Amino acid sequence: MSVHQAVLIPGDGIGPEVTAAAKRVLIAAEAPVAWMERQAGIAALERGRDLMPEETIEEIRRCGVALKGPCTTPVGGGFTSVNVQLRKKLNLYAAVRPVRNLRGVPTRFDGVDLVIIRENTEGLYSGVENQVTDGVVMSMKVATEVACTRIARWAFRYANRRGRRKVTVFHKANIMKVTDGLFLRCSRMIHEQEYPNIEYQEMIIDAGCMKLVQDPTQFDLLLLENLYGDVVSDLCAGLVGGLGVVPGANIGDELAVFEAVHGSAPDIAGKGVANPLALLMSAVMMLNHLADTCKDESCRAAAERIKSAYDRALADGRKTRDLGGDLGTEAFADALIERL
Ligand code: NAI
């Protein structure tokens, strides 16, 4: 059995707590992974390194995959987001966020099973912001035909391979006629020319959000530009139990970095109460990705063991506080390990 090298980035806030718990579970599940621990974010600064150290980037390039804890970004000033830098530097242009009900986590809706595909490299995340004159500032929304076509093609291909029947694009092309207009044109073109077998739908994002919270089961795959994907991901997390249960992946042509949708949660950091499940589910996505790309079924088997362990733990009422339980981060990891 081969062992796959993967970078582990603990990150900031609750990051070190949830990554340590996820790592313990993967070891107990005998996942064939050797961790190369590297730093990013404030954790890197505190060790006298750059915010996004070149050695971390290089190690991800070498290993091909990473599991990343959240990194804090200051609000309203300070440094630019480490997460955005990482996605741009490694050209991880597709963010994939599956949103599903979990057994043992009752919510308002049953049967939620959707996936969000978010363009990860441009839009209002261009980082081009300036002061035009006193009291007037602007932020530039960038859309390129290359990136819009690339994400649309990626989303339709994903839908096709995974048996998803419908792609819905959320947009605001009634107002942002040029930028969101381009996103729509590229999505339509890929649908018509390459995947006419998949149902295609466009929806203005405000109405789309209303429909999502009324009945999320009417959606299958949501395709969004960067900022809309960010916001709608958290909204969708709220439909299935919150940020503690939604995993994610940032994927490029060669590299992939797996991370939960949630941030560094400074309000609960250091208290040992964070739910490690979203990061663990991201690790399960990483194992399945390794199974697909390296043709190694032992990774898939480890992923299945972990999924079965958390399904059974949740069904037995073993949950963290965000899900109405009373377990801390480590105790929840112990509950999974007992079931492996
Ligand atoms: P957040 O996702 O960190 O927290 C929002 C709320 O959800 C908080 O009440 C938090 O306690 C709760 N929460 C989040 N994850 C949880 C978990 N695993 N278990 C239990 N409760 C959890 O979002 P917020 O507060 O807006 O951002 C905090 C920092 O995180 C910011 O600096 C932000 O820039 C950064 N961030 C980083 C991301 C990343 O590294 N990919 C993604 C999102 C935010």
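Which residues line the largest cavity? The views below take up this question and the ligand site. This is a predicted model, in which local features need pLDDT of at least 70 and side-chain atom pairs count only at pLDDT 80 or more, while totals for chains, interfaces and linings use all residues. Residues are numbered from 1 along each chain as its sequence is written, and side-chain values use heavy atoms, without hydrogens and water.

**View 1. Lining of the largest cavity.** The largest cavity is lined by Glu119, Glu122, Gly123, Lys141, Val142, Ala143, Cys148, Thr179, Asp180, Phe183, Glu225 and Asn226 (lining residues have an atom within 4 Å of a point on a 1 Å grid over the protein atoms alone, where a 1.4 Å probe fits but cannot get out). Helix α6 (residues 179-194) gives the largest share of this lining, 3 residues. The lining divides into 4 nonpolar, 3 polar and 5 charged residues.

**View 2. Residues around the ligand.** The ligand is surrounded by 21 residues, and the closest are Cys71, Thr73, Gly263, Ala265 and Asp267 (a heavy atom within 4 Å). This shell holds 9 nonpolar, 7 polar and 5 charged residues.

**View 3. Backbone atoms facing the ligand.** A polar backbone atom of cysteine 71 is 2.8 Å from an oxygen atom of the ligand. For threonine 73, a backbone N or O atom lies 2.8 Å from a ligand oxygen atom. A nitrogen atom of the ligand lies 2.9 Å from a backbone N or O atom of asparagine 275. Taken alone, the ligand exposes 820 Å², and the protein buries 70% of that (Shrake-Rupley method, 1.4 Å probe).

Technical notes. A polar contact is a pair of N or O atoms within 3.5 Å; within protein, one must be able to donate a hydrogen and the other to accept it, and residues adjacent in sequence count only if both atoms are side-chain atoms. Ala, Val, Leu, Ile, Met, Phe, Trp, Tyr, Cys and Pro count as nonpolar, Asp, Glu, Lys and Arg as charged, and the others, Gly among them, as polar. On a 1 Å grid over the protein atoms alone, a cavity is a set of points where a 1.4 Å probe fits but cannot get out, and a pocket is an open set with protein on both sides within 12 Å along at least five of seven lines; lining residues have an atom within 4 Å of a point. Helices (H or I, at least four residues) and strands (E, at least two) are DSSP runs, numbered from the N terminus.
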